[in-house]
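Please read them with the structure open.

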Amino acid sequence: MSGTRAFLVRRLIALLAVTALAVIALLAAYFGVSRNSAAVTDRSTPAILQVAAAIDALDASYDEAKRSISSPTAEFEGLSEEYRNKLSTAKQSLAQVSKSTIGGESARGSLRTTAALVTSYGDTIEQAYASRDNPTLKNAYMRYAGSILRHADSGILDRLKAVQKRQFNVLEDQTSFGWLLSFAWWLLVPGLFLTLAALLVHTQRFLRRRFRRLVSPWLAAATALLVALLPLAVFTYQTQDRLESARTSLTRSTIGRTGGPTAREVARTMRSAQWQAGAVGWIPVGGAVLAALILVGLQPRIDEYRFQPR
């Protein structure tokens with residue numbers, strides 16, 4: 001094999017190998033950022049908001065129950081509509097979140113226990129109302145209901161806050177860039193693509209000197225295709241920025257009272273990230289086109305030396 005043919009074969013292998021590594025690294029890095037866009041919108045947001053709504057509704061329901069039971073018109077009006085609405089809101093939220101919580105099996109188990117405690121809490125409030133004419137018994141029932149709701153660690157509110165903490169940990173993982181993605185985007189992907197660009201430029205210079213061709217259109221097109229990395233990098237930055245904005249919205253202290261507006265805010269924030277996440281499918285297509293351009297650009301030059309003597 002002639003020296004030129006051997007060089008071209010080695011260069012073709014090197015270009016295809018670096019292309020494969022660069023495309024795989026880019027695919028993994030881009031998918032690593034964009035994969036959580038749908039999960040944050042479709043799973044994390046409703047689960048977090050439902051737990052927050054249950055916490056706020058239950059916390060407010062106790063004071064409303066005390067006010068309602070102590071009202072001079074309690075005998076005629078019964079427990080207030082406000083109390084019943086808050087208890088109903090909490091039960092509905094817990095029923096929904098127990099099906100899809102992002103806190104894992106331990107969170108689902110805790111929510112099932114909490115749902116049972118909420119039923120016991122409501123029954124105790126009803127007993128307090130039924131005993132409203134007996135201050136001693138009424139107060140005993142109210143203290144017991146307060147203990148079910150607010151007892152440290154084992155009370156309903158603390159159980160829900162523990163679930164919420166696990167949810168926030170999952171959200172943090174979903175929306176954080178992390179050291180692995182930082183390494184991929186700041187070092188690995190740029191390093192591989194710069195290496196590939198340098199190899200392509202050097203190969204074209206070699207072909208110009210050896211074959212007296214001003215430019216190889218196929219290799220020039222392959223080099224130009226590397227510019228596609230720039231919009232993908234911009235998409236990654238935008239997606240990560242939106243993920244962090246969504247996390248900020250979902251960790252505000254007021255989300256229990258503003259569930260609807262917060263959900264819409266997150267949906268608006270993540271809307272553009274959804275179609276940008278779809279760009280991940282074009283990365284292997286672009287890699288295949290890049291490899292084809294390199295092969296078409298070099299194979300004819302290699303074939304010219306096919307029958308050269310060793």
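Which residues make the nonpolar surface patch of about 770 Å²?

1. The patch. This is a predicted model. Trp179, Leu180, Phe183, Trp186, Leu187 and Leu188 make the nonpolar surface patch, which covers about 770 Å². Trp179 sits in helix H8, which spans residues 178–211. Its relative accessible area is 68%. The cut-off for exposed is over 50%, so Trp179 counts as exposed.

2. The largest core. The largest nonpolar core has 43 residues. Leu58, Tyr121, Ile125, Ile156 and Leu160 touch the most other members. At least two residues of this core come from each of these helices: H2 (37–70), H4 (81–100), H5 (105–130), H6 (135–150), H7 (156–175), H10 (229–250) and H11 (259–277). Helix H2 gives the most, with 13 residues.

3. Leaving aside residues up to four places away in sequence, Leu160 touches Val51, Ala54, Ile55, Leu58, Leu94, Leu111 and Thr114. Another core lies apart from the largest one. This other core holds 38 residues, including Leu181, Leu192, Ala222 and Leu226.

4. Thr269. Where does threonine 269 lie? Its place is in helix H11. A polar atom of the Thr269 side chain lies 2.8 Å from the backbone oxygen of Glu265. Thr269 also touches Arg242, Ser245 and Ala246, with residues up to four places away in sequence not counted.

Conventions:
Residues numbered from 1 in each chain as written. Predicted model: local features only at pLDDT ≥ 70, side-chain atom pairs only at ≥ 80, totals over all residues. Heavy atoms only, no water. Patch = residues over 30% accessible without salt bridge, like charges linked within 9 Å, V, L, I, M, F, W, Y side chains within 5 Å. Areas by Shrake-Rupley, 256 points an atom, 1.4 Å probe, with all protein chains shown as cover. Salt bridge = Lys/Arg side-chain N within 4 Å of Asp/Glu carboxyl O. Helix = DSSP H or I, 4+ residues; strand = E, 2+ residues; numbered from the N terminus. Buried < 20%, exposed > 50% of the residue type's maximum accessible area, 1.4 Å probe, protein only. Core = buried A, V, L, I, M, F, W, Y, C linked by side-chain atoms within 4.5 Å. Contact = heavy atoms within 4.5 Å. Polar contact = N/O pair within 3.5 Å; in protein donor to acceptor, adjacent residues only side chain to side chain.
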